[in-house]
Amino acid sequence: MLDISVIVPVFNEQESLPELNNWISRVMNDHGFSYEIIFVNDGSTDSSWEIIEGLSKSNPNIKAISFTRNYGKSAALDMGFSKADGDVVITMDADLQDSPDEIPGLYQMIIKENYDVVSGWKKKRFDPISKTIPSKFFNGVTRWISGIKLHDFNCGLKAYKNRVVKNIHIYGEMHRYIPLIAKWNGFSKIGERVVEHRARKYGVTKFGLERFLNGFLDLISVSFVNRYKKKPMHFFGSLGTLSFSSGFLITIWLIFQKVYGLYKGTKVREITEQPLFFLALVALIVGVQLFLTGFLAEMMTSNNSRKADYNISEMINIDK
């Protein structure tokens, strides 16, 4: 087994790839690591794939996968995780803003200090204020909801034990929440390391402000999925019980009022003329529907074998 697998998602980064390859290789050779670099070409429309093919001819440690279209960073990482053979798996972006010189320190924290996951913290950033302020807010909310004390959830430079990446599945845009997903899968020793953040040397950022809105939606999604994916009835059943019980109690109260009024000889409105009757009826129906949803979700969960289907056009040095 190799010491380190470096997974690099690539989307239109043709200028930076030769320098990144040389930099990673130099660091690995200087420290005597056995390694592989897994480039995942996420539907690039420039010459990124052709450059990766050329680099692989001079560097046998390169493995590569090319998607037929852009699936997103989570898909690229998930595919890379499935192919990684290293004891420690390092992820980094292809734009040279993550420094390969950080790899030995991250490796030591996994091997020597026995962390399951180590996340980079770009304490000093070179991003514009339009990205740094929303990022601070985003990270603060994520810390509060997840209970994981990290300063920079979205940092692309992270390190994992191999068994962590083999036991998690990410999709959509959930790469931001890999520490949370790892925690929910039982890998709770999560650390942080201050890493160098470099100014972008080539091209422009591929992410806009919409990623923060998507990020919050993904946080809600991943929190729900990881809490209830194996027990959906606990969620839907609880809501169904609350709704049905409310409707039932309101119905009992309306019947009691009617019977008591008749007993006392006082005039009481018909039950069907009272707004509470319709509220109770809706609550009863919603309660039953939530129960049925829970049962159906339980049946789907018990029979579900999730498989990520990404169309791959080419691979380099990877067994199919």
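**Close-up 1. A nonpolar surface patch of about 840 Å² in the predicted model.** The patch is made by Phe244, Phe248, Leu249, Ile252, Ile255, Val259, Val288, Leu292 and Phe295. Isoleucine 255, one of the patch residues, lies in helix α9 and, with a relative accessibility of 40%, counts as partly exposed.

**Close-up 2. A salt bridge between glutamate 270 and lysine 258.** The two side chains meet at 3.5 Å, N to O, and the pair links distant parts of the chain, with glutamate 270 in the loop between α9 and α10 and lysine 258 in helix α9, 12 residues apart. Glutamate 270 has 43% relative accessibility and counts as partly exposed, whereas lysine 258, at 17%, falls under the 20% limit and is therefore buried.

**Close-up 3. A tilted aromatic pair of phenylalanine 33 and tyrosine 107.** A search of the whole structure finds 6 aromatic pairs, and in this one the ring centres are 4.7 Å apart, with 55 degrees between the planes. Because phenylalanine 33 lies in the loop between α1 (17-31) and β2 (35-41) and tyrosine 107 in helix α4 (residues 103-111), the pair ties together parts that are 74 residues apart in sequence. Both phenylalanine 33 and tyrosine 107 are buried.

**Close-up 4. An edge-to-face pair of phenylalanine 67 and tyrosine 71.** The ring centres of phenylalanine 67 and tyrosine 71 lie 5.2 Å apart and the planes stand at 85 degrees, so the pair is classed as edge-to-face. Phenylalanine 67 counts as buried at 2% relative accessibility, and tyrosine 71 likewise counts as buried at 18%. Elsewhere in the model, ring pairs link Trp253, Phe256 and Tyr260 into a cluster.

**Close-up 5. The salt bridge of arginine 26 with aspartate 101.** A search of the whole structure finds 10 salt bridges; in the one shown here, the closest N and O atoms of arginine 26 and aspartate 101 are 3.9 Å apart. The pair links distant parts of the chain, since arginine 26 belongs to helix α1 and aspartate 101 to the loop between β4 (86-91) and α4, 75 residues apart. Arginine 26 is partly exposed, with a relative accessible area of 42%, and aspartate 101 is also partly exposed, with a relative accessible area of 42%. Salt bridges link Arg26, Asp30 and Asp101 in a network.

Close-up 6. Although asparagine 114 and lysine 161 are 47 residues apart in sequence, their C-alpha atoms are 8.8 Å apart in space.

**Close-up 7. A salt bridge between arginine 163 and aspartate 116.** The side chains of arginine 163 and aspartate 116 meet at 3.7 Å, N to O, and they link distant parts of the chain, with arginine 163 in helix α6 (residues 162-165) and aspartate 116 in the loop between α4 and β5, 47 residues apart. Arginine 163 counts as partly exposed at 47% relative accessibility, whereas aspartate 116 is buried, with a relative accessible area of 7%.

Note on methods
Residues are numbered from 1 along each chain as its sequence is written. This is a predicted model: local features need pLDDT of at least 70, side-chain atom pairs count only at pLDDT 80 or more; totals for chains, interfaces and linings use all residues. Side-chain values use heavy atoms; hydrogens and water are left out. Rings of Phe, Tyr and Trp (its six-membered ring) pair if their centres lie within 6.5 Å; planes under 30 degrees apart count as stacked, over 60 as edge-to-face and the rest as tilted. Helices (H or I, at least four residues) and strands (E, at least two) are DSSP runs, numbered from the N terminus. Buried means under 20% relative accessible area, exposed over 50%, partly exposed in between (1.4 Å probe, protein chains only). Patches are made of residues with over 30% relative accessible area and no salt bridge: like charges are joined within 9 Å, nonpolar side chains (Val, Leu, Ile, Met, Phe, Trp, Tyr) within 5 Å. Accessible areas come from the Shrake-Rupley method with a 1.4 Å probe; for residues, only the protein chains shown count as cover. A salt bridge is a side-chain nitrogen of Lys or Arg within 4 Å of a carboxyl oxygen of Asp or Glu.
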